[in-house]
Amino acid sequence: MKQLRAIRGMNDLLPGQSPAWQYVESALSELFARYGYSEIRTPLLEATQLFSRAVGESTDIVEKEMYTFDDKSGDSVTLRPEGTAGTVRAAIQNNLLTSPQRLWYTGPMFRYERPQKGRLRQFHQFGVEVFGIDGPDIDAEILVMTARLWRQLGVSDQVKLQLNSLGSSASRAAYREALVEYLTAHRERLDEDSQRRLERNPLRILDSKNAQTQELLADAPCLLDFLDSESAAHFASLREMLDAAGVAYEINTRLVRGLDYYGKTVFEWVTDSLGAQGTVCAGGRYDSLVEQMGGKPTPAVGFGLGVERLVLLLETLDVLPDTLEQQVDAYLVAVGEVQSSALAAAERLRDELPWLRLQTHCGGGSFKSQMKKADRSNADFALIIGEDEAAAGQVTVKYLRSDEPQQTVALAELPALLQS
Ligand code: ATP
Ligand code: MG
């Protein structure tokens, strides 16, 4: 039979890679806890309409990237391509929006894209969504929180913050008109994708990667010149708070984001170290989405962070802790007819030393072959129980990473020895 393979762009996370993921995952969940954020988990599968309405009909995601199918009763369902829509739905449905909410989530997202480095069809995000706070102070909070993450992971110098304001929907509409007028006058110089976007989603032309389009955009009207006074004040105080907190940023007036729901603050944390897929974390304010989805008007701000890209960045910069390679502290070697004593000794050790990561040899074999496995496990010591040790209630401790001589101790003394 032909060997079955995983679907293109959907990767297995192998044992050798999971320590790096666990490291990133605990850094993030601990960070969120330190800022008083609570976790929310929503289904991977939602009604298709949720995404077409929340993310926007004319976005790349809804136009061409969704995994959509009819379920057995003929209802159209979609594997979530992002986390905001489901979080908003859950917050409305479960009446969470009667008071401010600071939420975070993590899990797989699905987009039918062309797989390449840092771009997959099943990828993973951590995300934050804050509801019910309209001031720039909360925008600043989620940015200083992410800045702390970069410092903690040792990548501060390689990840830069780009910031923009999209203003109110009225100021965006005025800008949109000016932009369309300018670009229509130079229509023939636009790339094909951008020509198509001119009618449907002209702001997205601003982040076209096409060189000639980029050139044309250099003289285009500037979004920030169209800001309404409230958005301008919001943006100014956000900048002031970031300056005071020592978080550096660059204003990028062409930063628009690919999802329709954003207004006012938008941002991306980008790196030069990953090639074309350089955005590690991206987000912004979406004050009108909750109402648009049927909830009462509720201001909101959030971001999504790509786990694959972050892990790739940590690997590329070689800043993962060396200790991640070690998955066990001790390896129990059991030679001869000693399985029962070995099992009992191992369980007793685990009772007394909850921190100890102990792997017990199973399946028999010679002393030599078991010691080879102990060595390959990267453990610091081998705990050896042979027939003599079993009879005497003893264990031999052999140090695998130092020259210290091995010693044989009573089982009862072993916890104290390992503790030291
Ligand atoms: P891009 O411009 O790279 O396509 P995006 O604007 O579509 O990103 P968002 O929807 O804002 O991305 O998602 C937030 C983050 O999730 C991105 O900054 C990125 O780190 C990650 N991400 C998005 N799409 C993918 C993907 N297909 N594979 C891996 N990570 C992704
Ligand atoms: Mg995308």
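Ala, Val, Leu, Ile, Met, Phe, Trp, Tyr, Cys and Pro count here as nonpolar, Asp, Glu, Lys and Arg as charged, and the others, Gly among them, as polar. By class, the shell around ligand 1 has six nonpolar, five polar and five charged residues. The model is predicted, so local features need pLDDT of at least 70 and side-chain atom pairs count only at pLDDT 80 or more, while totals for chains, interfaces and linings use all residues. Residues are numbered from 1 along each chain as its sequence is written, chains are lettered from A and ligands numbered from 1 in the order in which they are written, and side-chain values use heavy atoms, with hydrogens and water left out.

Start at the ligand. There are 16 residues around ligand 1, and R111, E113, R119, R257 and T279 come nearest. A residue is near a molecule if one of its heavy atoms lies within 4 Å of it. Next come the polar contacts, which are pairs of N or O atoms within 3.5 Å; within protein, one must be able to donate a hydrogen and the other to accept it, and residues adjacent in sequence count only if both atoms are side-chain atoms. A backbone N or O atom of L120 lies 2.9 Å from a nitrogen atom of ligand 1. For G306, a backbone N or O atom lies 3.3 Å from an oxygen atom of the ligand. R309 uses its side chain: a polar atom there lies 3.0 Å from an oxygen atom of ligand 1.

How much of ligand 1 does the protein cover? On its own the ligand has 580 Å² of accessible area, and the protein covers 87% of this. Accessible areas come from the Shrake-Rupley method with a 1.4 Å probe; for residues, only the protein chains shown count as cover. Strand 6 (122–131), strand 10 (279–285) and strand 11 (300–306) each give two or more residues to the shell. Strand 10 gives the largest share, four residues. Helices (H or I, at least four residues) and strands (E, at least two) are DSSP runs, numbered from the N terminus.

Now look at charged pairs. Side chains of opposite charge can pair when their charged atoms come close. A salt bridge is a side-chain nitrogen of Lys or Arg within 4 Å of a carboxyl oxygen of Asp or Glu. By this rule the count is 20 salt bridges. One of them joins the side chains of E46 and R89, at 2.8 Å from N to O. E46 lies in strand 2 and R89 in helix 4 (residues 84–93), so the pair ties together parts that are 43 residues apart in sequence. Burial has cut-offs too: buried means under 20% relative accessible area, exposed over 50%, and partly exposed in between (1.4 Å probe, protein chains only). E46 is buried at 8%, and R89 is partly exposed at 21%.

R257 sits in the loop between strand 8 (250–251) and strand 9 (263–270), and E268 in strand 9, so the bridge ties together parts 11 residues apart in sequence. R257 is buried, with a relative accessible area of 13%. E268 also counts as buried, at 13%.

D375 and R401 form another salt bridge, at 3.6 Å from N to O. D375 is in helix 13 (residues 367–376), while R401 is in the loop between strand 15 (394–399) and strand 16 (407–410), 26 residues apart. D375 is partly exposed at 40%, and R401 is partly exposed at 42%. Elsewhere, D60, K64, R197, R204 and D207 are linked in a network of salt bridges.

Turn to backbone angles. Most residues other than glycine have a negative phi. D318 is in the loop between helix 11 (307–316) and strand 12 (330–334), and counts as exposed at 65% relative accessibility. N378 also has a positive phi, near 70°. N378 is found in the loop between helix 13 and strand 14 (381–385), and is partly exposed at 33%.

Finish with S52, in helix 2 (residues 48–54). S52 counts as buried, at 13% relative accessibility. A polar atom of the S52 side chain lies 3.3 Å from the backbone oxygen of Q49.
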